[in-house]
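Please read these points with the model open beside you. They begin with charged pairs and then turn to the nonpolar parts.

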Amino acid sequence: MSLTVPVGSDHQLARLLQIGIVLEEVVEARASKHARDSGADLTEDVRAMLEDAAEESADHRDRLEDLVAELDADTVAYEEIEALVEAQYESDEDFDGVLYDQLCNEETAYKFYDDLIEAVEASDVEFGIDRDRLLDTLAAIREEEAEGVEEVTELMEERR
């Protein structure tokens with residue numbers, strides 16, 4: 001499924017929103033893992049940023065799940081994604097590695113939502129959910145991701 005073409009159906013929209021849910025679950029799991037497992041290497045401001053990022057991702061996931069529910073599609077349970085991340089993702093727990101990982105997560109999410117908004121706007125399909133509400137929700141999440149990129153970048157600059 002590509003974001004280079006307009007979204008063509010409710011089914012395709014639901015699958016793209018589910019990709020966003022999985023993306024948020026991975027970001028949440030990674031941020032939580034870093035905050036929990038990085039020990040004394042993290043400053044309080046970095047730990048707080050990671051905890052906020054995990055909470056924000058959970059909120060984004062809930063908002064996306066609400067949209068998917070209107071399209072009558074199932075989602076992937078967070079616990080399944082968290083277990084997958086724990087089993088397959090070995091985080092770099094030094095300070096710079098944690099910040100770099102979080103920056104990559106925030107940038108990836110921002111780009112995904114930016115592309116999804118563009119694909120929805122290019123579509124002339126009438127979806128099973130209100131287009132304005134869909135776009136408003138996605139734009140708000142994208143803006144929060146942009147703010148996350150800025151926050152991580154500022155922390156990285158302070159570190160130099």
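1. D101 counts as buried, at 11% relative accessibility; buried means under 20% relative accessible area, exposed over 50%, and partly exposed in between (1.4 Å probe, protein chains only). The side chain of D101 meets that of R30 in a salt bridge, 3.7 Å from N to O. A salt bridge here is a side-chain nitrogen of Lys or Arg within 4 Å of a carboxyl oxygen of Asp or Glu. This pair links distant parts of the chain, with R30 in helix α1 and D101 in helix α4, 71 residues apart. Helices (H or I, at least four residues) are DSSP runs, numbered from the N terminus.

2. On the source: this is a predicted model, in which local features need pLDDT of at least 70 and side-chain atom pairs count only at pLDDT 80 or more, while totals for chains, interfaces and linings use all residues. Residues are numbered from 1 along each chain as its sequence is written, and side-chain values use heavy atoms, with hydrogens and water left out.

3. How many salt bridges does a search of the whole structure find? The search finds seven. One of them joins E144 to R63, with the closest N and O atoms 3.2 Å apart. E144 is in helix α5 and R63 in helix α2, 81 residues apart. Both are partly exposed, E144 at 22% and R63 at 21%.

4. E70 and R133 form another salt bridge, their closest N and O atoms being 2.0 Å apart. E70 lies in helix α2 and R133 in helix α5, so the pair ties together parts 63 residues apart in sequence. E70 is partly exposed at 40%, and R133 is partly exposed at 35%. Separately, salt bridges that share partners join D59, R63 and E144 into one network.

5. The largest nonpolar core has 25 residues, of which L13, L17 and L134 touch the most other members. A nonpolar core is a set of buried Ala, Val, Leu, Ile, Met, Phe, Trp, Tyr and Cys residues joined through side-chain atoms within 4.5 Å. Helices α1, α2, α4 and α5 each supply at least two residues of this core. Apart from it lies another core, of 14 residues, among them A53 and L103.

6. One aromatic pair is found in the whole structure. The ring centres of F112 and Y113 are 5.3 Å apart and their planes are at 75°, so the pair is edge-to-face. Rings of Phe, Tyr and Trp (its six-membered ring) pair if their centres lie within 6.5 Å; planes under 30 degrees apart count as stacked, over 60 as edge-to-face and the rest as tilted.
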